[in-house]
Amino acid sequence: MMKILYDGKEQVSVIPVLEGKLASEFSKLAGSKLFTGKAGECYYCHNCNHIFLGLGTNGDDDDLRLAGATLAKNVKKLQISSISFHFGEDQNAEALLPLLVEGIYYGCYDFNKYKSEKDNFAFDLIVKENDPKISAKLAEITELMDGVKFAKDLVNTPSNDLYPESYVEILKNEFKDLAVTISVLNEAEMKKLHMDAALAVGQGSDRKPYFVEIKYQPNQKSDEFLTLVGKGLTYDSGGYAIKPATGMVDMKTDMGGSASVFAALKVIASNKLKQNVCAVSAIVENMINGSAYKNGDIISSMKGLSIFVGNTDAEGRVTMADSLYYAATKVNSKAIIELSTLTGACIVALGDDIAGCVATNDKLFDQIKKASLPAGENIHRFPTTKKLEDSIKHNVADITNIPNRGKAGSITAGLFLTHFVENKPYAHIDIAGPAYIDEYRHHTFGATGFGVKTLYYLAKNFKL
Ligand code: BES
Ligand code: ZN
Ligand code: ZN
């Protein structure tokens, strides 16, 4: 844990050093020949009681996040109670501090709920820069990273503790002090709305399904919303198309899309953005029992389109069909942005560092792309073709959930979803890769909260 203070004396001073000529001067000062100023280098000098922190060469955002995260880990290792940055005259504190602080929050993240021995180490960051612009920016980043932590905690929590009912309770509790309206539909209410597709996916589980809508409406004069939709599978066993143990073991993360959209909404409301934003998700479990939906079933949907279930493991698009149709018809949505851990094919195509996007509207995608830059989140737009669109058709049902024999699996999954948004400007973002990763740069192992920051910056500047 790190707390920002604007007054006080630090225990240790942190000297940020750019890689290059000057770094060798600092390394002499620090008494370490090895210090070069590379991003992620962190050297504590006992004699001068300074930490020398490498920033890399050109103030690259991710280098600064890495520097912040490494600093946090070292401060913990050394059990330092308070630090302060001492920027050089040629360094721009206003540009550097927010990213370093963001990195510190990443480096502080520790999911220790399930450990008997808990490390509750905390330290203070004393900010000497007396500038309201800087303190406002740091307050914004603090809320933003609090949202990222909320999403990460949700995704990291195993499905024996995070299931539809408990998830709903967590959401109610988390939003209770914010200016939002939460509506929760239970199974009977979902039935009344004919959410047959989402219900079919959930019917193989002993855990009851729920549908959650959270609205933040600062502009009461308008009932138009930027609507966020998230995949909320608290567990995906694959159903009767059962996953092998190795593929199933991480499927507690299959609600990552919903975690990111709800967490983004929390930050949007906490930071009092002007934009009306709504977040929705059908929260269900894909399990196996005597009532579970089966490979080969033909089911209905809220829209009334019939869906051929070629594979019960392609349950995301089936569930999202109803969430998206709800977003398009029950909410006055100006645009719909949806995040899902939808396909393994997206990981094959782009790895775990890049999300894949299928967008129906160029302007909307441009805005998402723009918002993803300060967020440091990579989003790549896939191409679509008429041939791929046609591959979703089925000979007996209206559409199939396994088109094209797996070819272009990430694109066809996105195209399937476009059938349910009623021509609203729409972007589908597949976060199967980046939602949950091994430790890398500023990220600790596990959930990343991918999407929270992009959605926040998007809502902040949204105009369509
Ligand atoms: N939840 C998975 C996708 C996934 C895979 C997320 C790996 C995160 C990591 C999704 O429901 C799924 O199983 N998709 C199938 C679709 C296929 C059967 C058409 C897949 O990608 O294999
Ligand atoms: Zn699946
Ligand atoms: Zn899934």
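Begin by selecting Leu-342 together with ligand 1, where a polar backbone atom of Leu-342 is 3.5 Å from a nitrogen atom of the ligand, a polar contact being a pair of N or O atoms within 3.5 Å. On its own ligand 1 has 520 Å² of accessible area, of which the protein covers 76% (Shrake-Rupley method, 1.4 Å probe). This is a predicted model, in which local features need pLDDT of at least 70 and side-chain atom pairs count only at pLDDT 80 or more, while totals for chains, interfaces and linings use all residues. Residues are numbered from 1 along each chain as its sequence is written, chains are lettered from A and ligands numbered from 1 in the order in which they are written, and side-chain values use heavy atoms, with hydrogens and water left out.

Next, select Lys-243, whose side chain places an N or O atom 2.7 Å from an oxygen atom of ligand 1, and then Glu-315, where a polar side-chain atom lies 2.9 Å from an oxygen atom of the ligand.

Now display the whole shell, that is, the residues with a heavy atom within 4 Å of the ligand. Of its 17 residues, Lys-243, Asp-254, Asp-313, Glu-315 and Gly-344 come nearest. Helix H10 (315–329) and helix H11 (344–350) each supply at least two residues of this shell, helices being DSSP runs of H or I with at least four residues, numbered from the N terminus.

Terms used
A polar contact is a pair of N or O atoms within 3.5 Å; within protein, one must be able to donate a hydrogen and the other to accept it, and residues adjacent in sequence count only if both atoms are side-chain atoms.
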